[in-house]
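Subject: Structure for your review

Dear colleague,

My notes on what was found in it follow.

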Amino acid sequence: MAKQQMGWIPPAERSDNQRAFCAEHDPPDFSSFKMESSELPERALCYDLELRALGRLMPRPRQVTGSCVGFSSSRSLSHAILGDAVLRGDMERIVLPHPLPSYGQGRKIGNFRGTGSGSYGSAQAKAVSQWGILPVDDPRLPAPKIVNGWAKWTKSQELEWSHPRAWPVDESNLAQDAKDYIVQTVARIRTTGEAADCSASGYGITLASSFGTAPRLVQNYLIGRHSRRWAHQMSCSGFDASEEAQIAGNTERLWAIDNQWGDSHGKCNVLSSYGVNGSFWVTDKTFAGIIDSGEVFAFSNTRGFPLRRIDWGDVGLSR
């Protein structure tokens with residue numbers, strides 16, 4: 001596999017000001033939000049929501065610089081939008097959030113002084129919950145090229161938009177519109193059980209850590225074990241707790257991890273049945289290690305965390 005751009009800055013590599021920011025602005029734990037107790041579905045995957053809502057998969061952001069925090073955030077927020085529209089019946093347009101302006105705002109908020117690569121989760125969370133997000137088709141923003149389902153910007157565009165100081169559009173011209181679409185609730189996930197609650201309720205999830213992998217196909221599932229070091233942030237599209245998944249991973253459930261490096265991980269038979277490339281699975285144990293060592297956040301786009309479980313009975317595609 002060709003060398004790929006990372007971009008998540010681990011706590012030990014942050015400046016004193018950035019560590020102080022994280023201590024002050026880290027989102028609350030998900031455990032502070034109550035949810036009704038009910039049985040989890042066998043499968044809760046955002047790919048099912050995409051197909052139900054649109055009849056096709058949404059374009060996925062493809063990073064070319066160390067912009068993983070912004071691009072994975074965009075992907076996870078599209079999950080939250082799908083959850084709002086499909087599962088909760090909100091009347092909102094299903095569209096990919098543009099990854100670049102909120103990423104640039106996150107770097108500004110997180111004490112980065114100019115353009116470049118790299119950010120971290122609490123700064124990005126503050127940006128989308130305080131400054132907001134904009135749709136990918138906003139005419140004031142650079143449009144991506146869509147190739148094989150991937151939304152890709154140029155390296156120069158990513159870097160130009162990595163800090164408002166360099167934006168070709170005045171920040172004030174975007175700020176009010178972005179604030180109309182703030183993400184109302186962000187929470188820190190501490191356990192895989194909490195992550196399962198979030199996935200079953202249609203929330204978006206980002207995961208950042210030093211986890212890296214060279215996934216291998218096991219009984220139709222492309223499963224990643226912790227074998228490399230990536231300072232990197234990705235997103236999670238939910239879980240599969242079917243008997244087939246449990247046997248393949250020797251686990252309670254497998255988690256679908258969406259990367260933003262293009263078609264770089266090989267073919268997964270299960271994911272290919274959805275038309276998904278560039279993703280793989282991790283076991284519950286592996287995901288627990290990512291949670292313990294990194295930063296995992298849940299996002300609810302417009303309504304916070306409602307006090308009820310979603311019925312996935314007529315949503316998931318039977319296989």
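Which element gives the most to the lining of the largest cavity? Strand β9 does, with three residues. Before going further, please note that this is a predicted model, in which local features need pLDDT of at least 70, side-chain atom pairs count only at pLDDT 80 or more, and totals for chains, interfaces and linings use all residues. Residues are numbered from 1 along each chain as its sequence is written, and side-chain values use heavy atoms, with hydrogens and water left out.

The cavity

At least two lining residues come from each of β1 (43-45), α2 (46-54) and β9. Such helices (H or I, at least four residues) and strands (E, at least two) are DSSP runs, numbered from the N terminus. By type, the lining has eight nonpolar residues, four polar and no charged. Here Ala, Val, Leu, Ile, Met, Phe, Trp, Tyr, Cys and Pro count as nonpolar, Asp, Glu, Lys and Arg as charged, and the others, Gly among them, as polar.

In strand β6 (residues 204-212), eight of the nine residues are buried, where buried means under 20% relative accessible area, exposed over 50%, and partly exposed in between (1.4 Å probe, protein chains only). Two strands pair if DSSP finds at least two bridges between them. Strand β6 is joined by seven bridges to β9 (residues 228-240), and the two run antiparallel; phenylalanine 211 has arginine 229 of β9 as its bridge partner. Five bridges, also antiparallel, link β6 with strand β12 (residues 295-300), and leucine 207 lies opposite valine 296 in β12.

Helices and buried serines

Why is helix α8 (residues 192-200) described as largely enclosed by the rest of the structure? The reason is that eight of its nine residues are buried, including Glu194, Asp197 and Ser199. Glycine 202, with a positive phi near 75°, follows α8.

Serine 76 belongs to helix α3 (residues 68-87) and is buried, with a relative accessible area of 0%. Leaving aside residues up to four places away in sequence, serine 76 touches Gly204, Ile205, Thr206, Ser235 and Phe299; contact means heavy atoms within 4.5 Å. Serine 102, in helix α4 (residues 99-109), counts as buried at 3% relative accessibility. Among its contacts beyond four places in sequence are Gln124, Trp131 and Ile133.

Cysteines

How many disulfides does a search of the whole structure find? The search finds zero disulfides, a disulfide being a pair of cysteine sulfur atoms within 2.5 Å. For cysteine 22, the nearest cysteine sulfur, that of cysteine 68, is 14 Å away. The sulfur of cysteine 236 is too far for a bond, because the closest cysteine sulfur, in cysteine 46, is 8.0 Å away. Cysteine 22 is buried at 11% relative accessible area, and cysteine 236 is buried at 2%.

Yours sincerely
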